[in-house]
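Let's go through this one by question and answer. Have the chain open as you read.

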Amino acid sequence: MSDSLPLPLNPLFARPGESMPGDRFSIPEGEMLPETAYQIVHDEVMLDGNARLNLATFVGTWMDPFASKLYSESFDKNMIDKDEYPKTAEIEDRCWKIVAGLWNAPDPLHTIGTSTIGSSEACMLGGLALKRRWQNARKAAGKPTDKPNLIMSSAVQVVWEKFCNYWDVEPRYVPISDEHKTLDGTGLAGYVDENTIGVVAIMGVTYTGMYEPVAAIAAALDQIQKDTGLDIPIHVDGASGGMIAPFLQPDLEWDFRLERVHSISTSGHKYGLVYPGLGWVVWRKREYCPDDLIFDVSYLGGHMPTFALNFSRPGAQVLLQYYNFLRLGRDGYTRVQQASHDVARHLADGIAKMDAFELWNDASDIPVFAWRLKAGHTDHWTLYDLQNRLRMKGWLIPAYPMPDNLTDVTVQRIVVRNGLSLDLAQDLLVDIKEQTEFLDQLDGPMPAEKNAHAFTH
Ligand SMILES: Cc1ncc(COP(=O)(O)O)c(C=O)c1O
């Protein structure tokens, strides 16, 4: 039997390729019909979780049909081809200026920023600029540059550990605790010295969704400057909060209204409401991004500065971001984020009412919250068991230990995104209640895997 038969057997799953197991780890010798290859891949990913029920991820899983139309018209655009796709390049430029305006940059049109593949690349660029500025100043003063350090909470996202590892920067972690649930400036003076390139403040801590009080951190650094002369800048990792705070907490001063904030990054693909593959980073002033990190690409016969780790990457997401800015405007973003916030608060209230749990935080910052088992509630089951029971119902809601210093605390977290309606949230509360009741009825401890694999942020 061959694929060139005039009457292929599809959809009876009896065609070569579908009817027999193939070698999955080497390229096949021959071709197969596109329908067959499609069916194999399509079927295999049916076993993935349902993206809309994935309440572990911060990343966009729903866009409207016109966004999907635009996506399908533009997924062939390479963001780096600025000369070939000058309009896409221009729209990228407009987008980061819009973002700079949302973050209250003093002069959004004359500062510098860029799109990236996500917050990770954006954070790396922010960190690199801090390091290079510190190095340049040290060199100019004839001082050594071999021991840079960066200060951050122990609850940073893994990108900051990577940044320090890849670029030879010593990470200095300020441990969080039950009393200090985020980095808040307390005791900062014990961590900084002349080799400190900056402090990372997080708007939307990955573990819990809480905002770090950037203004309090900036005030602590002001005091340190008064006492020691050290002028230490802040990079705000606003991966999720960077696109929530401008709409839901416009009076909160966490952004370029604070002079000490030199750069801010965010994920367009989180609360920027775009599909995966987009981040933004903006500097307060052009000079905070050192010239020796910037490359020129030719663009419409002129030049455009670029500053990125990747060369090729998709341009479509940038167009989707611009689409959302136009489509929603400030009011629309506010309403969409408010709807997610309302759902998160509703879920947090519902969970707080259940005897077994206490909230770690209540979703009053970004629409994300975490809870833990009340001390003494049970020794028969853990939040990992609840995670598994909910997975059987289709919900992906991770349980994980808190970072160093608090690793004995296990929490479970829900990220509410655009697309989780109040109606679905109601079903979720019922499932959490029922599964908790099931676990509470166990007449002995739930067996546990010895080397269980933990959720990674
Ligand atoms: C605070 C924080 N920083 C950075 C990142 C990395 O973002 P991305 O996945 O867009 O690279 C995340 C992702 O969850 C995050 O929560």
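Q: Which residues does Leu-221 touch, leaving out those up to four places away in sequence?

A: This is a predicted model, where local features need pLDDT of at least 70, side-chain atom pairs count only at pLDDT 80 or more, and totals for chains, interfaces and linings use all residues. Residues are numbered from 1 along each chain as its sequence is written, and side-chain values use heavy atoms, with hydrogens and water left out. Taking contact as heavy atoms within 4.5 Å, Leu-221 touches Leu-188, Val-192, Val-199, Ile-232, Ile-234 and Arg-260.

Q: Where do the buried residues of α10 sit around the helix axis?

A: Helix α10 covers residues 422-440; helices here are DSSP runs (H or I, at least four residues). Its buried residues (under 20% relative accessible area, 1.4 Å probe, protein chains only) include Ala-425, Leu-428 and Ile-432. Going by directions from the axis to the C-beta atoms, they fall within an arc of 165 degrees, so they line one face of the helix.

Q: Is the pair of Trp-103 and Trp-254 stacked or edge-to-face?

A: Rings of Phe, Tyr and Trp (its six-membered ring) pair if their centres lie within 6.5 Å; planes under 30 degrees apart are stacked, over 60 edge-to-face, the rest tilted. Trp-103 and Trp-254 are both buried. Their centres are 6.3 Å apart with planes at 75 degrees, so the pair is edge-to-face.

Methods:
Helices (H or I, at least four residues) and strands (E, at least two) are DSSP runs, numbered from the N terminus. The expected span of a helix is 1.5 Å times one less than its number of residues. Buried means under 20% relative accessible area, exposed over 50%, partly exposed in between (1.4 Å probe, protein chains only).
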